[in-house]
Amino acid sequence: MEQTITRRLCPHALTRRLFWLCAATYVIGCFGRLSYSSVMVDLIASGRMDMAQAGLIGTALFIVYGVFQLISGLVGDRVSPKKMVFTGVVGSGVINLLMGLTGQYGIMLVLWSFNGVFQSLIWSPVARIFAEQLPPEERKRAASNVAVTYPLATVLTYLLSSVMLSVWNWRSVFLISAVVMLAAGAYWMYRMSWFEKQIAQSEEIEVIHMHEQKQHEKGGLLHLMVISGILLAAVSSMTHGMLRDGIQTWLPSLMTDNFHFGTSASVALDIIVPIVNMLGVVFTKAIAKRFIDNELKGAAGFFAVTIVALSLLGILCDRSAVASLLLLTVASTCMVGANIMLINLIPVHFGPIGRASSVTGILNCSAYIGSALSSFGVGAVAQSFGWSSAIWVWVAFSLLAMLAACIGAKPWGGYEHSIS
């Protein structure tokens, strides 16, 4: 039996404006997540907490974010993206405000855990907007281009942190982030209301014929994950999150511990990685257009390069600051490529069957399970056994991720073709 679905799309003349609104709001939303990691090295250096305690706060956010990312992904296929993003950005802004006003470890741990709930409400609705409201020919382009937002947000947050740590203290980073986020949330609500009116009046209509796709969907979400290879993609996504956030979180501490950099200088040095990551978005788009026709094959390739870089880092991490920074940058940039393959492009294919937000939530949940493992686990391993041991843990997980992507590439290629 065939089912026909029709829906109005954003007029072509307004697609770029809608993309930039989503991208800018997501960048500012990331301030509320990155503010803590950007000042963590100063909190440790000032004696407020040790490495394990500092890592536990980051882990709390990643665990809560991961769990609620799965929930928000499922809810996001049914609830207005406008309301979800507004709640996420404003709620996280309030949490950052409270973080800047307190200084007690226990309270900060609880607050940052709640921040994971609000942060989980931001990305999945944005992915749904790209998959369902943009014209079909704009969807993959938007999903690829938006990958630059996370490294851009990292650069801006760490630049702010570097300046404020040198002239004031860690509290100012939370307070400034809060003010910007609250303003962005209000603007998002106003502007998205205008876009909703334009889409409701749009004459551009997408007609979707559900036949074979519906047969794939009727087995439920778990069935969908198994037959499409998304279950294996989730394993790769876990390691991608472990490295993406782990490198960004722990690079200042590694440079401070092994090469005696000052806290402000270490945070400033951390800005180099996301700047290169932004160039990695351009590089990934270029090679994907020419050489990658299967997202999981592409992810496997990025993990292969990462394994080489991290293996060299495991040998050189206490010998050369320049080599350490270079190899961490290579690995982090490869994770930008994996992010585009796993988190940005794969969910777009599920727009026609109304599962874009759900699949985004599943893959993002997996990524932040990895982030949680890295935030606490790497800090604990580094503190007990040294940074070389912590890096070899990253290598082991990268091997697992590459293997999972290679195995999942075949079922994903077949499924992707069936719903194209």
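The following questions and answers go through selected features of a predicted model.

Colleague: What kind of model is this, and which pLDDT limits apply?
Modeller: This is a predicted model, with residues numbered from 1 along each chain as its sequence is written. Side-chain values use heavy atoms, leaving out hydrogens and water, totals for chains, interfaces and linings use all residues, local features need pLDDT of at least 70 and side-chain atom pairs count only at pLDDT 80 or more.

Colleague: How many residues of H5 are buried?
Modeller: Helices are DSSP runs (H or I, at least four residues), numbered from the N terminus. Buried means under 20% relative accessible area, exposed over 50%, and partly exposed in between, with a 1.4 Å probe and protein chains only. The buried residues of H5 include Trp123, Val126, Ile129 and Ala131. H5 is mostly covered, and the number buried is ten of its ten residues.

Colleague: Which residue forms a salt bridge with Arg128?
Modeller: A salt bridge is a side-chain nitrogen of Lys or Arg within 4 Å of a carboxyl oxygen of Asp or Glu. Arg128 lies in helix H5, residues 123–132, and is buried at 15% relative accessibility. The closest N and O atoms of the pair are 3.2 Å apart, and the partner is Glu132.

Colleague: How many residues apart are Glu132 and Arg128?
Modeller: An α-helix has 3.6 residues a turn, so residues three or four places apart point the same way. Glu132 counts as buried at 12% relative accessibility. Both Glu132 and Arg128 lie in helix H5, about one turn of the helix from each other, which is a spacing of four residues.

Colleague: Which residues does Arg128 touch, not counting residues up to four places away in sequence?
Modeller: Contact means heavy atoms within 4.5 Å. Arg128 is a member of helix H5. Its contacts are Gly76, Asp77, Arg78, Val79, Pro81, Gln133 and Ser357.

Colleague: Is Phe130 buried or exposed, and which residues does Phe130 touch?
Modeller: Phe130 has its place in helix H5. At 2% relative accessibility, Phe130 counts as buried. Leaving aside residues up to four places away in sequence, Phe130 touches Phe19, Cys22, Arg139, Ala142, Ala143 and Val146.

Colleague: What separates the C-alpha atoms of Phe130 and Tyr105?
Modeller: Along the chain, Phe130 and Tyr105 are 25 residues apart. Phe130 belongs to helix H5. The separation of the two C-alpha atoms is 39 Å.

Colleague: How many salt bridges are found in the whole structure, and which residue meets Lys140 in one?
Modeller: A search of the whole structure finds four salt bridges. Arg141 pairs with Glu138, the closest N and O atoms being 2.9 Å apart. The side chain of Lys140 takes part in another, at 3.8 Å from N to O, and the residue it meets is Glu295.

Colleague: Which parts does the pair of Lys140 and Glu295 tie together?
Modeller: The side chains of Lys140 and Glu295 meet in a salt bridge. Lys140 lies in helix H6 and Glu295 in helix H14 (residues 295–316), so the pair ties together parts 155 residues apart in sequence. Lys140 counts as partly exposed at 37% relative accessibility, whereas Glu295 counts as buried at 4%.

Colleague: Why are Arg141 and Glu138 separated by about one helical turn?
Modeller: Arg141 forms a salt bridge with Glu138. Arg141 itself is partly exposed, at 44% relative accessibility. The separation is about one turn because Arg141 and Glu138 are three residues apart in helix H6, residues 136–145.

Colleague: What span should helix H8 have?
Modeller: The expected span of a helix is 1.5 Å times one less than its number of residues. Helix H8 (residues 170–200) has 31 residues, and its end C-alpha atoms are 45 Å apart.

Colleague: Where is Ser120 found, and which residues does Ser120 touch?
Modeller: Ser120 is found in the loop between helix H4 (105–119) and H5. Ser120 is buried, with a relative accessible area of 1%. Not counting residues up to four places away in sequence, Ser120 touches Tyr65, Phe68, Gln69 and Ser72.

Definitions and conventions
Helices (H or I, at least four residues) and strands (E, at least two) are DSSP runs, numbered from the N terminus.
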